[in-house]
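Q: Could you walk me through how some helices pack in this one, slowly please?

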Amino acid sequence: MKPFALALSGGGLLGAAHLGALKFLEAKHVRAQAVAGTSAGGLVAALYALNIPMDRLIALGAKIAQHPRDYFHLNAEGLLHEVFPSLGAPATGLFMPDKFIQALLDLAPGAKTTDDWRIPTVLTSVNVVALTAVAFTNSGGSVPRSGRWQLLRHQPLSLAMQATMALPGLFAAPRVKDAVYIDGGTADTLPVDWAYALFPSRVIAINVASPPHVNAAQIGLVDVVSRAEAYATATLSRLRQGPDPAVTVSPDTSGVPFFGFEDYHRLVDAGWAAMEAAWPQLMEDA
């Protein structure tokens with residue numbers, strides 16, 4: 001098969017479909033030469049670049065889906081500081097993902113920084129203080145033609161992973177000196193341009209971000225935040241699209257709610273099925 005780079009989209013829990021798609025490629029003994037990921041796709045990209053077997057990641061994902069309260073807790077202290085700012089720094093999100101991030105990092109206990117990635121890798125984020133798109137990377141190569149990016153190298157893996165998944169208002173955004181980093185989907189929900197910059201050949205883009213149809217009477221706070229971001233990032237992604245050669249694989253994630261943990265295994269299966277369906281085309285192009 002022709003060498004390729006991967007671009008993995010954001011999508012919250014829908015990111016479980018990435019695991020099934022990559023498990024299919026793993027079963028075919030095929031690996032990417034570079035990977036760029038955003039939000040949920042950024043988390044998967046970070047672990048893929050550490051050569052974590054998909055079976056281990058899928059098993060951990062199932063455990064988290066069964067007991068999400070063990071991995072995310074309310075940012076009570078930060079919310080208190082919102083009301084009484086003299087007590088300390090205010091909240092940058094409703095929930096703290098620390099235990100979730102640590103559980104992912106426990107799969108690769110020897111890995112500490114972005115220098116430990118085995119292939120050229122980018123996790124996207126945005127510094128909302130400077131209003132700058134940010135790429136956590138181990139690459140010293142070129143950057144995409146579209147947009148302006150601040151490159152952050154030699155960074156803690158925990159920082160890069162928390163930054164790329166910090167959905168505005170929902171998950172706590174990490175503060176580092178004069179920067180606050182939020183979800184990479186704010187810059188680009190499907191970083192094809194970054195994947196191509198890392199490895200200027202064919203790109204396989206896995207896009208799991210398809211917000212489901214909802215009843216207006218049932219839309220709540222999380223829906224408003226997530227769908228507003230989905231609209232903005234999808235529009236920005238279209239503007240960023242260039243001539244970079246990409247094959248897009250889109251798993252069927254329709255009908256899964258934002259917190260649809262009970263659909264975890266269905267999402268993994270959807271990722272496998274989508275990549276399996278795309279496989280003949282990928283081989284024809286090889």
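A: Let me begin with a term: buried means under 20% relative accessible area, exposed means over 50%, and partly exposed lies in between, using a 1.4 Å probe and protein chains only. This is a predicted model, in which local features need pLDDT of at least 70, side-chain atom pairs count only at pLDDT 80 or more, and totals for chains, interfaces and linings use all residues. Residues are numbered from 1 along each chain as its sequence is written, and side-chain values use heavy atoms, with hydrogens and water left out.

Q: Ok, which residues of helix H5 are buried?
A: In H5, which covers residues 98-105, the buried ones are Phe100, Ile101, Ala103, Leu104 and Leu105; helices here are DSSP runs (H or I, at least four residues), numbered from the N terminus.

Q: And what do those pack against?
A: The buried residues of H5 pack against H2, H3 (54-66) and H6, where contact means heavy atoms within 4.5 Å.

Q: How do H2 and H6 cross?
A: The axes of H2 (residues 40-48) and H6 (residues 157-165), which are lines fitted to C-alpha atoms over the stretch in contact, come within 8 Å and cross at roughly 155°, on a scale from 0 to 180 degrees between N-to-C directions. That makes H2 roughly antiparallel to H6, a label for angles over 145 degrees.

Q: Which residues meet there?
A: Gly42, Leu43, Ala46 and Leu47 of H2 meet Met161, Thr164 and Met165 of H6.

Q: Why is H6 called largely enclosed?
A: Because eight of its nine residues are buried, H6 is largely enclosed by the rest of the structure.

Note on methods: Helix = DSSP H or I, 4+ residues; strand = E, 2+ residues; numbered from the N terminus. Parallel < 35°, antiparallel > 145°, perpendicular 65-115°, else oblique.
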